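Let's take a friendly walk through a protein model. Have a look at it first, and then we'll go through it part by part.

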Amino acid sequence: MKKPASLILTALLISSCATQHATPAPEGQSAAATDALDDYEGAAEVSDPIEPLNRATFAFNDKLYSWVFTPISKTYTTVLPSPFRQGIDNVYENVKFPVRFVNSGLQGNFKRAGQELQKFGVNTFAGFGGLIKQSDRIPSLKDVPLEDSGQTLATWGMGHGPYIVLPILGPCTARETLGLVGDYALNPVNWTFALGDHADKWAWIPSTGNTVRSLPDQLSKYNDSKANAIDPYTAVKSTYIQNRNNAAKE
Amino acid sequence: MKRRSFLPIFLTFPAAGFCASSTSAAEARLRTAIGEVLAVADRVTSRSALATTARSILQRHVSFETMTRRAVGVGWRQFNAAQQKRATELFTTLVIRTYSDKFTPGEHPVINYKNAVAPAAGRVDVPTTLVYKGSNYAVTYRMEEIGGWKIADVIIEGVSLVANYRTQLDSTFKQGGAAAVIRSLEQSVARPS
């Protein structure tokens with residue numbers, strides 16, 4: 001049984017911590033591990049060859065989020081009560097169905113694609129066009145993992161590539177940037193703007209509305225990931241990479 | 001399609017009894033810890049009061065020493081005893097503050113426990129879903145046997161608290177050693193959240 005061995009290793013490590021001298025890692029344990037159960041080394045690893053530029057863009061985005069996006073978000077949450085905002089979120093997420101449906105299929109997960117189709121049908125017809133998320137009342141449809149193009153590329157074996165902080169959009173990698181293009185193309189919210197006549201004065205409304213309604217959640221996640229950080233840039237990068245790796249595994 | 005073999009099931013059968021008892025013991029400890037913290041959260045009216053009151057409870061149920069050691073990484077071996085103690089104190093404050101900052105007085109989370117798994121001897125992962133202020137979160141508690149079952153990490157939406165600080169503190173150590181790690185922790189604790 002491994003348990004006594006791991007306890008002995010742990011005990012040895014704890015006692016060795018009392019010394020000031022560097023101690024070699026025990027046999028069979030990674031040199032970067034602090035004890036037998038330490039599997040954190042490389043958990044959020046990504047290459048960052050343009051770190052100085054990324055840090056500059058991060059600083060720019062941080063000010064943009066504080067000075068421009070946060071006031072817009074606060075105005076939105078002040079003007080619209082929570083149930084209305086929830087309804088708007090539900091509609092936009094329901095319309096985004098092709099992103100999840102197509103990517104579930106592209107990943108060969110046809111059961112999940114079927115569940116997405118059912119969710120869309122239930123929410124559109126029984127939920128007043130998606131305003132009420134009726135699918136949450138059906139156990140088999142409640143916790144369907146959300147698929148996107150970045151996850152599809154990961155499933156196909158594509159690595160992250162270099163880490164990139166995009167102006168305005170924030171943390172990303174080469175793979176996820178490609179994924180964003182796919183998601184943009186598959187999201188009907190953008191179709192009026194991308195395919196329609198740009199002179200059409202209404203074409204910008206769906207996509208702009210989508211940006212504004214998602215601001216409170218996006219800013220909350222961003223602020224959470226840099227709160228109490230030692231180095232906010234590294235904290236946000238680590239949070240992003242771990243989150244995307246986890247999404248790709250689901 | 002995955003090939004299924006009965007051999008692993010047969011080989012692991014004798015261990016199944018041990019795994020079931022360890023997962024249930026770890027989950028029971030987690031439920032106790034969460035119950036105690038929520039009881040405090042129901043009584044207090046501010047985030048700072050929660051951070052202060054819940055500290056002693058959390059210190060019983062969370063292995064902050066393990067968390068700090070792993071957050072620092074391999075450089076921990078070069079900390080002397082006093083530096084380890086100081087780093088653990090500061091990291092404890094930072095972690096408690098991180099979670100108490102998310103607390104809103106009057107809001108009560110709903111927690112659903114899923115099936116716990118034991119990925120290694122002495123370790124049990126307890127996945128949960130947490131519904132708080134209308135939002136759903138996938139939260140996994142990593143429990144480890146450290147003089148009894150204790151929380152060794154919290155993973156929210158796939159983001160590990162320990163891994164997140166590891167990326168930050170490991171590079172800080174490489175740049176300036178133990179003193180730099182303690183200085184950066186002191187600065188973070190001193191900074192208003």
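## Ground rules

A residue is called buried if 20 or more other C-beta atoms lie within 10 Å of its own, exposed if 12 or fewer do, and partly exposed in between, with the C-beta atoms placed from the backbone. By that rule, buried residues make up 30% of the 250 residues in chain A.

This is a predicted model, where local features need pLDDT of at least 70, side-chain atom pairs count only at pLDDT 80 or more, and totals for chains, interfaces and linings use all residues. Residues are numbered from 1 along each chain as its sequence is written, while chains are lettered from A and ligands numbered from 1 in the order in which they are written.

The model scores ipTM 0.83 and pTM 0.84. There's also pLDDT, the predictor's confidence in each residue, from 0 to 100. Chain B averages a pLDDT of 87, and 89% of its residues score at least 70. Residues 6-16 of chain B, though, have a pLDDT below 50. Where pLDDT is low, the predicted coordinates should not be read in detail.

Chain A has 11 helices and 2 strands. Both are DSSP runs numbered from the N terminus: helices are H or I with at least four residues, and strands are E with at least two. Starting at the N terminus, the order in chain A is α-α-α-α-α-α-α-β-β-α-α-α-α.

Two residues are in contact if their C-beta atoms, placed from the backbone, lie within 7 Å. Where the chains meet, 34 residues come from chain A and 37 residues from chain B. On the chain A side, α1 (3-17) and α11 (232-249) each supply at least two residues, and α11(A) gives the most, with 9 residues.

## Helices in chain B

How do the axes of helix α3 (residues 64-72) and helix α4 (residues 81-100) of chain B cross? They come within 9 Å and cross at roughly 100°; axes are lines fitted to C-alpha atoms, for helices over the stretch in contact, and angles run from 0 to 180 degrees between N-to-C directions. Therefore α3(B) and α4(B) are roughly perpendicular to each other, a label for angles of 65 to 115 degrees. Among the residues that meet here are B:F64 and B:M67 in α3(B), and B:F91 and B:V95 in α4(B).

Now for B:A49, which lies in helix α2 (residues 47-61) of chain B. B:A49 is partly exposed because it has 16 other C-beta atoms within 10 Å. B:A49 and B:S100 are 51 residues apart in sequence and 9.0 Å apart in space, C-alpha to C-alpha.

Notes:
Angles under 35 degrees count as roughly parallel, over 145 as roughly antiparallel, 65 to 115 as roughly perpendicular and the rest as oblique.
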